[in-house]
Structures are given as C-alpha cells and as structure tokens.
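Here is a short briefing to read alongside the structure.

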Amino acid sequence: MIAARRVPKPFRLEPYVAFASRAMAREATYRFDVFTSIASVLVRVYLLRMVWIALYARNAAPKELPLHAIITYSTVALLMGLVMDIDQTRSLHDRLHDGSIASDFMKPIVVPLYFFADGTGEVLFHALLIVPSLGLALFLVHIDVPDAATLGAFALSFLLGYFVGFFINFILNCTAFWTLEISAVQMIVTWVSDLLGGELVPLVFFPLALQKVVVVLPFAAMFSTPLLIYTGVIPRAGWPGALAVQAAWVVLLGGISALLWRAGTKRIVVQGG
Amino acid sequence: MAIIEAIRLRKVFRSPEREPGLRGAAKALFTRRYTEKVAVDDISFALEPGELVGYIGPNGAGKSTTIKMLTGILVPSGGTLHVAGIVPHERRMDNAANIGAVFGQRSQLYWDLPLRESFELLRAIYDVPRERYERNMRQFAEMLDLEEFLATPVRQLSLGERMRGDFAAAMLHDPPIVYLDEPTIGLDVVAKEAIREFIAEINRERGTTVILTTHDLADVERLARRIILIDDGRVIYDGGLERLREEYGTHRTLVVTLAESCERFDVPAEVVGREGNVVRLRFNRHAITAEALIRRVTEQCTISDVTIIEPDIESIVRRIYLEGYHDGAAGTPS
C-alpha cells in the first residue's frame, strides 16, 4: 500500500469564497427577478403605508408605536424581507431530491459549509438590492433614522435574526433526508413565521395569550426583535437581554441543524440513499 | 503495491419495511421492522497503479454500491478497503483529492454557469496551482475540442459536449484514480469514440488508474485488458479479456457464401442462418477446427467465400450471466 499521510490538510477558505461568489453571479443572471423584487417591495411599502394610516385614523394609536413609527417599522421590515425571505438552502433539498448530493460528497469540501457559502452568496446579492429599494422607498414614505448606537444594535440583531432564519430553513431542508416532499410543511412554517415573526404586524398588537405563545417560538427573533430595537420600543437597557435571546435561538437551532445533518448523512452513508 | 485494495468487501442496506396502503403507513409509524438487502456480498480485488479495469455486471449487481464505497460516500458493512493508502469513509476529504469521477447519468458541472466558470470553481475546490490548471486546460481543450463551447452555460450544451466537459472537470486536479460510471451512455458513435480515445490517452500518458463501469461492452473491448465481472454482489470473474474469450468463446460462426445452390450440409456444426447463398454455421472450436469445417463443407458444395466471426465479449458475458461462471467452461482446452 502507498503510505498514507496522517496529517489532515489545513482548512482552506478559498472554495467557500468561490461558492459564494458563484452564487452571487448566478443570482445576477436572473435580471428580471431583480426588477420584480424591487418593484414588489415598493408596492407593498406604499400599500402598507395606506393601511396603517387608515387603521390609525379610526383607532387610538398605541403609545409605543405612533403612526410615523409603525410606517418606519413596516418599511424597514419589507426591506429586511429582501434578505430574510430567501430560502438560501433550497439547493440542499434539491440536491437530496435528485441525488446530486453524491457528487458534493465526492469533493474535498465540508458539505454543509458548501450550502452555507452558496446561500450566503445568494443572500449577499439580494442584500445589495436593499440600497436601491431604500432609495426609491424614500420617495413614498418618510422613515425615522435612529442614532448610531441604535443602528449598530439593530445591525447586530438583524444579523442574529438572519442566522435564526438560516437555521430554520436548513432544518426544513434537512427533512428531505427522510421525506422527499417537504413543500407542505414548509408552507405552514412560512405562514406561521410570517404571522408570528412580526414582519407584517408588530407583535404588540397581538392578544396577550398569543404574545405568550410567540415567546417560546423562534420566529420573533427573525423580524420582531431587530425592528423593535430600530423603532426604539426596546430601549437601550433592554438590548442585551433581547440580543441574548436571539443568540440563544441561534445556538439552539444551530445545534439542531448539526444533529439533523449528522443523522441525515448517517442515513445516506449507512443505510443507503 | 496496490493502489486500490478491497478485501471481502460487503455492504448491506437496511431499510424500514412498510406495507402498502394507509394501514401500512400507520403501522410503519409504530413498528420498526427492517428489510435487509445485500448489495455487495463479498468482493475482493486489487488494482495496480495505471491499470484500466472494466467493472462489469448486470443492473443491481452491486457496481455503483462498490463505487460509492470507493469514494467514501458509503460505509462498508464488512471487509476492508484502501484507496491510495486511505480508508475512504474515514478520510473522505483526503480521499476525494485523489479521485476523479464521471457519471454518464449525472453531471457534476454547475448547471447555470458557463463551462469555463465550472472549471474555475473546481480549481478553487481542489487547490490546483494556477500554472498546472492552465496547462491542463490547454491540453483538455485540445483533446476534447472544448474551445468552442467554453463560454456556453452548461444547461445549453448537448449531451456529447457536456460529457466532454465532465471529463475535463474530473481530470483537472490530476487525480491518480478515476471512476467512470457509464461514461458513454446515450452518446452517438463519434462522441463515444472521442471519449474512449480520451480515456485511453489519460491512462497511457498520465498513468491514471481507471475503473470503468459500463453496459456498453464495446467500451471494455476497446479500453480494458482486465475485467472484473460481478453478479449478486460477488466477483465471478477477474482476469484478462483474452482468457475469458478463450474459455467462453468456444463457439464461432463460419459464414459461407456458396457458389451455387447446395441443399445438404452434413457438418458437425449448427446452421444458424441461411439467406440466399449465405449460410451461417455455428461451431464449437474445441470439437472441430475452422479449417476442418471448411474442408467438410467444400467436400459437399462449392463455395466462393468464407468468413469466421469471433465471439464478441458481449455474447460471452451474456452467456456467463445465464449459465454462471466456472473455470474451464470449455471442457478440454485445445
């Protein structure tokens, strides 16, 4: 036998950077999608502004979210949605489905990192769309801009929320290891997270009972927490606690993702696909 | 020193048993009964560096299960396996750097990117030094005529073009070992020949060890000197093509063109076809030599032409799968 080199090769970042930039290039080829997603955000910004104005005209405004704050809230939520609404690990499901995952395992790469890099590239491209969307949205609505410290806390919270969303998607797509059809489950989770994540309606408007349910679900960590920081509903003193809850969700969901990944690959490896 | 060594390799798949229908689905939720399927029963072989081996077997014989174990995707249920000194499933990443693979049924190129960018990505994945990458690209572009469609997205390529791209992709990092699974499936004659030429050349020029799995035995006849026949997860023959032909190619066909019509043949051969004046006689070369047979025919009829058709490897393999392999099948070798 040819002598084996026992020393494992050092980790190289280069392939993953290449995966991410390829994913960006791939997204850029769908130019029509770019225009439609910006246009769709603008339409929704305008419509939600009308809805909130109408609702606030007929009801007493809650004191923590006056009209200008709720319009800011929903506009920033829609801009965040450009990034958050992407199922960046869809390709994991697809590659499990058509069996091409086998050729991923044949390459000298850490396979879950490949999906992470690919998803990140896709997301980064869509994050670039926030800039023109924001520019155009400012013609339709006025949004509040908080101080630098709040913006910083918001950015951190947004990032943590992104990871919560990433792992939820990853977990959903991992179920394809066991069952090949996941679209129904995914649809239900999307509905629930749209509603209970605070993307459309701030959670402060929910009945108290429902607010209690929301606390034990991870969805509020995706939209609600960063938006409440942005709009000042969560005051400076509340930031560490809010960010810690988000971080705990990231750790928990990340752990579940790792376990599912191990069980799923073991299923392929030991039991056969 | 063997570059690939499999000893008593075994793979059993375990899948949950499930009765059909709704009741079965409900029962499956509560009971855990598994069915076991032996995909690879007992396979041993050793390959020397630079060998080109045809790995042949009917559907379900265990070919792709073996390949998946060689690549480290599947963990063997028993036996040992070493590929270039590495146990594949223990060090999947290191093993991956040593191997290249082409699957005729499935591309490993990136669907939405131009071919050239797929290569660039593979360069980053395998950490191919720029200079070597450029050299390989130049060489492959020439050998496989890639130049004209390097800028085309993979999804727009024809099957033949895509396969040529896949071959270049598999060889870009100069792997010492390549696995080719049905690499010519669905290709036309010209494209098949181009691919075969490429395989022969990398094996010859670079000393690449090749395991070739195919149903097209013309691939094997053209490329391999050694074949491993497997059936039901076991090796039933491992050796030279020539020996197989010697042992199993006992029957040849003599094609006789008669100068005039001649009804009666009293020869120790079977008449397997007759079209006008052309008669096909199948004979056992251990029972009678071709020369003796021709003599016997000319004693009875006037002939204008004779041809002897050697058995092709395809019919030999078909016969082995029908009858089973046993040494010295021909009885008394001449």
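Predicted model: local features only at pLDDT ≥ 70, side-chain atom pairs only at ≥ 80, totals over all residues.

Chain A is built with twelve helices and zero strands, and buried residues account for 36% of its 273 residues.

**Chain A overall**
- The C-alpha trace of chain A spans about 80 × 40 × 35 Å along its principal axes.

**Where α2 meets α7**
- Helix α2 of chain A covers residues 31–58 and helix α7 of chain A covers residues 130–137; their axes come within 10 Å and cross at roughly 35 degrees.
- This crossing of α2(A) and α7(A) is right-handed.
- To find the contact in your viewer, select Ile38(A), Val41(A), Leu42(A) and Val45(A) on the α2(A) side, which meet Pro132(A), Ser133(A), Leu136(A) and Ala137(A) from α7(A).
- By class, the residues of this contact between α2(A) and α7(A) are seven nonpolar and one polar, with no charged residues.

**A look at Tyr230(A)**
- Tyr230(A) sits in helix α11 of chain A, which runs over residues 224–230.
- Why does Tyr230(A) count as buried? Tyr230(A) has 26 C-beta neighbours inside 10 Å, and a residue is buried if 20 or more other C-beta atoms lie within that distance.
- Leaving aside residues up to four places away in sequence, Tyr230(A) touches Val76(A), Pro146(A), Thr150(A) and Phe154(A).
- Phe158(A) is 72 residues from Tyr230(A) in sequence, while the C-alpha to C-alpha distance between them is 9.9 Å.

**The contact between chains A and B**
- How many residues does each chain bring to the contact? Chain B gives 33 residues and chain A gives 24 residues.
- On the side of chain B that touches chain A, the elements that give two or more residues are β1 (4–16), α3 (92–98) and α4 (115–126) of chain B.
- That side of chain B divides by class into 19 nonpolar, six polar and eight charged residues.

Technical notes:
Residues numbered from 1 in each chain as written. Chains lettered and ligands numbered in written order. Helix = DSSP H or I, 4+ residues; strand = E, 2+ residues; numbered from the N terminus. Buried ≥ 20, exposed ≤ 12 C-beta atoms within 10 Å, placed from the backbone. Axes fitted to C-alpha atoms, helices over the stretch in contact; angles between N-to-C directions. Left-handed = near helix turned anticlockwise from the far one by under 90°. Contact = placed C-beta atoms within 7 Å. Nonpolar A, V, L, I, M, F, W, Y, C, P; charged D, E, K, R; others polar.
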